[in-house]
Amino acid sequence: MSQEPAARQPTLRLSGMLGTLDARLVRAHGGELGHLDFLQVLCQDEITRRESVAFQRRLRKAKFEQQVTLEEFDFAASPKLPAAQIRDLGALCWLHAGESVILFGPVGVGKTHVAQALGHLAVRQGANVRFAKTSRILAELAGGHADRTWDRRIRELIRPDLLILDDFAMRQLTAAQADDLYELVSERQGRSLISTSNRAPSDWYPLFPNPVVAESLLDRLINASRLVIMNGPSYRPDKRPRNPADKREKTTS
């Protein structure tokens, strides 16, 4: 039985090179690539493949609800939004500086879209990101207290370069939840957070049962964050599929 040529063996895991080898050989035999060019192009093929695989891995770990981008966000749908400020966030200077972002405003203006879009940009730049509803994070940590895996669970939340807490400060917190948030924010000091909320940060304090914990946690979070007030009409109705019944009603009215 004849063996596969050594260049095609998968031992070195150079599948990026293997996938384009035949096409590159055709160009080389045709005189389009010299020996050095041929090697450089093959190496770039492998680098591109590895970068793509790593990007897809980071994207899966981010656990976004939707894969959305700033480029596809319709700022024209809500002219009151601070478009320039949001686009400036897209440069990710705050992420490289270890700063955080708080997006707050009424329901439906696109806070979650913008948060996930910034997270997507961060993933594209090589950052590790985790997105979750704040209630889900609190439930995970509560489960850690119950089964004694709290240390492991909070380490997993501390590790990402960017943690996105969606729907922050939605409701009154228990003492245990407030303590868990305090530990999370404290341990992530110097690592970026994005928080989205329907409430202004000044309205978060009464949600904490212990004023001392609230003061310590929120002052630390707010003072290290860029605040973005997102106001205007709901972004969602334009994105919802139209109900055929609505169309019939308009026709018959």
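This is a predicted model: local features need pLDDT of at least 70, side-chain atom pairs count only at pLDDT 80 or more; totals for chains, interfaces and linings use all residues.

The entries below cover the sheet, its helices, the aromatic pairs and a few single residues.

Entry 1: I began with the strand order and found an open sheet of 5 strands, running β2-β3-β4-β1-β5 with parallel pairing. I then looked at the edges, where β2 (129–133) and β5 (225–229) each have a single partner strand, so one side of each is left without a neighbour in the sheet. From one strand to the next I noted an average twist of 15°.

Entry 2: I picked β3 (residues 162–166) and β4 (residues 192–197), which pair in the parallel sense over 4 bridges. Looking up Ile164, I found that its bridge partner in β4 is Ile194.

**Entry 3: helices on the sheet.** I next asked myself which strands helix α5 touches. Helix α5 (residues 111–124) packs on the sheet in contact with β1 (100–104), β2, β3 and β4, and its direction makes about 165° with that of β4. For α6, which also packs on the sheet, I listed contacts to β2 and β3, with its direction at about 95° to that of β2.

**Entry 4: α6 against α8.** I turned to helix α6 (residues 134–147) and helix α8 (residues 175–187), whose axes come within 10 Å and cross at roughly 100°. Angles of 65 to 115 degrees count as roughly perpendicular, and α6 and α8 are therefore roughly perpendicular to each other. On the α6 side I wrote down Ile137, Leu138, Leu141, Ala142 and His145, and on the α8 side Gln177, Asp180, Leu181 and Leu184. Sorted by class, this contact has 6 nonpolar, 2 polar and 1 charged residues.

**Entry 5: His120.** I went back to helix α5 to look at His120, which is placed there. Is His120 buried or exposed? With a relative accessible area of 8%, His120 is buried, because buried means under 20%. Leaving out residues up to four places away in sequence, I found that His120 touches Phe55, Leu59, Phe64, Gln67, Val68 and Thr69.

**Entry 6: aromatic pairs.** I counted 3 aromatic pairs and wrote up two of them, starting with Phe64 and Phe131. Phe64 sits in the loop between α2 (35–62) and α3, and Phe131 in strand β2, so the pair ties together parts that are 67 residues apart in sequence. Both Phe64 and Phe131 are buried. For Phe73 and Phe75 I noted ring centres 4.8 Å apart and planes at 70°, so that pair is edge-to-face. Phe73 and Phe75 are both buried as well.

**Entry 7: positive phi.** Last, I looked up two residues other than glycine with a positive phi, Leu92 near 60° and Arg148 at about 65°. Leu92 is found in the loop between α3 (83–89) and α4 (93–96), and Leu92 counts as buried because its relative accessibility is 0%. Arg148 is in the loop between α6 and α7 (150–158), and at 81% relative accessibility Arg148 counts as exposed.

Technical notes: Residues are numbered from 1 along each chain as its sequence is written. Side-chain values use heavy atoms; hydrogens and water are left out. Axes are lines fitted to C-alpha atoms, for helices over the stretch in contact, and angles run from 0 to 180 degrees between N-to-C directions. Helices (H or I, at least four residues) and strands (E, at least two) are DSSP runs, numbered from the N terminus. Angles under 35 degrees count as roughly parallel, over 145 as roughly antiparallel, 65 to 115 as roughly perpendicular and the rest as oblique. Contact means heavy atoms within 4.5 Å. Ala, Val, Leu, Ile, Met, Phe, Trp, Tyr, Cys and Pro count as nonpolar, Asp, Glu, Lys and Arg as charged, and the others, Gly among them, as polar. Buried means under 20% relative accessible area, exposed over 50%, partly exposed in between (1.4 Å probe, protein chains only). Two strands pair if DSSP finds at least two bridges between them. Rings of Phe, Tyr and Trp (its six-membered ring) pair if their centres lie within 6.5 Å; planes under 30 degrees apart count as stacked, over 60 as edge-to-face and the rest as tilted.
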